[in-house]
Amino acid sequence: MQVALFAGTRPEAIKLAPLVQALRKDAVFDATLIASGQHDSLLYQALNDFSLTPDFDLKVMRPRQSLAELSARLFAGIDGVLEEVRPDWVLVQGDTATAQVAAHCAFYRGIPVGHVEAGLRSHDLSAPFPEELNRRILTLLAELHFAPTRQAAANLRAEGVPPERIRVTGNSGIDALLQVAAAVRCSPPALPAGLSTFLERYPGLVLITSHRREALGQRLPALCLALDRLARQHPQVGFVFCLHPNPAVRQTIHDRLKGAGNVLLSEPLSYRPFVYVMQHAQLLITDSGGLQEEAPSLGVPLLVTRAVTERPEGLATGCAELLPLEPEDIVFRVRQHLAAPLPRGEQRAFPNPYGDGRASLRILAALRQESSRGRPAA
Ligand SMILES: CC(=O)N[C@@H]1[C@@H](OP(=O)(O)OP(=O)(O)OC[C@H]2O[C@@H](n3ccc(=O)[nH]c3=O)[C@H](O)[C@@H]2O)O[C@H](CO)[C@@H](O)[C@@H]1O
């Protein structure tokens, strides 16, 4: 069974890596990995972490291109690859333009699509933008829906997806995390020089990421203001902000946080060092989807800088909490967490509702079942 997998961004590479590894180990499958290059530098950094080299690289990234221009390049590039590879199945992950357009192209050619991480919904098309739209389109296009949780499966059924087309598999991102977290515990990765000195200097550690388009208005400036105050009030705590390459996000953060001594503005870390830093943090502050899924396995509490999340399961376990918009409220919530720290490296025990590390195997089993049933040619 020839399976084509498309990855355009860092999280897609991380979450598809365990699947590519599992497919390549299994004689039933032949896996072709296609990089779109939607987020070029971060995508290749993540693929490298899993020693993966794409079979095709579409290099669609251009500076300051619009979403429509990106989509146009993706349509042309992906259709060409499908013509050449002629896969039996296409696998896409999550909610990016790459995933949505790859599913579209496959659908037009009558190639069945498996959607990994199906059924997440914020029920708000403006947040996350444009990912919530991409998810809904992907649901219309997919033949098999690999839902990470029961809640995600319920969302799909509520939209009329036949139950027999849905599999609850867990999130393949947890497969990747558990693999890398175990490796990092045995052999700590090399960290950039400035970061390792910084970590040694402060007994406490808060790790922050923020990159969502919709954060640029009020949320990111409010978060920076709050962090600046918190850094002054807690000189024993190091605040590491891992930046995203998006120039508008970087500018906002640089302008507001450059001066504070115990704030380190770090370049994006590759996955192994990033997992190491997460393992040693006492608190994560983020608008990332992946971090919301990873935090419970690492036992690190997490504050989500968003008004809504498509991941309510983490809120229900007590690991995650939505952070208010106002800087005073952010300061208050973070101070509450910092008031009761665990020693560095020690973790709280949270159940992980997002997966148990076996999602890829369940997805492979579902594909094998499809192949044994035989599909009519398109
Ligand atoms: C709207 C939304 O929620 N969409 C999500 C979105 O992804 P995201 O929000 O999770 O994106 P990021 O935060 O960029 O990536 C996170 C990953 O990167 C690692 N990391 C982080 C910083 C760093 O310096 N080094 C790293 O290695 C980190 O541990 C984690 O694994 O798209 C995905 C693809 O479709 C979807 O699955 C997913 O729903």
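I count a residue as buried if 20 or more other C-beta atoms, placed from the backbone, lie within 10 Å of its own. The model is predicted: local features need pLDDT of at least 70, side-chain atom pairs count only at pLDDT 80 or more, and totals for chains, interfaces and linings use all residues. Residues are numbered from 1 along each chain as its sequence is written. Helices (H or I, at least four residues) and strands (E, at least two) are DSSP runs numbered from the N terminus.

I then checked pairing, which requires at least two DSSP bridges between two strands. Strand β4 (residues 89-93) pairs with β5 in the parallel sense over four bridges, and Val 92 stands opposite His 115. Strand β6 (residues 144-147) runs parallel to β5, joined to it by three bridges; Leu 144 of β6 is the bridge partner of Gly 114. From β5 the chain crosses through helix α5 (residues 131-141) to β6, a right-handed β-α-β crossover (clockwise from the first strand over the helix to the second, with the strands pointing away from the viewer).

In α5 I noted buried residues, including Arg 135 and Leu 138. The buried residues of this helix pack against β4, α4 and β5, with contact meaning C-beta atoms, placed from the backbone, within 7 Å.

Lastly, I examined the ligand. Domain 1 (2-170 + 358-373) and domain 2 (192-339) both give residues to its shell, so the ligand lies between them; the bounds come from an automatic or database domain assignment. Helix α1 (10-25) gives the most, with five residues.

Key
Buried ≥ 20, exposed ≤ 12 C-beta atoms within 10 Å, placed from the backbone. Contact = placed C-beta atoms within 7 Å.
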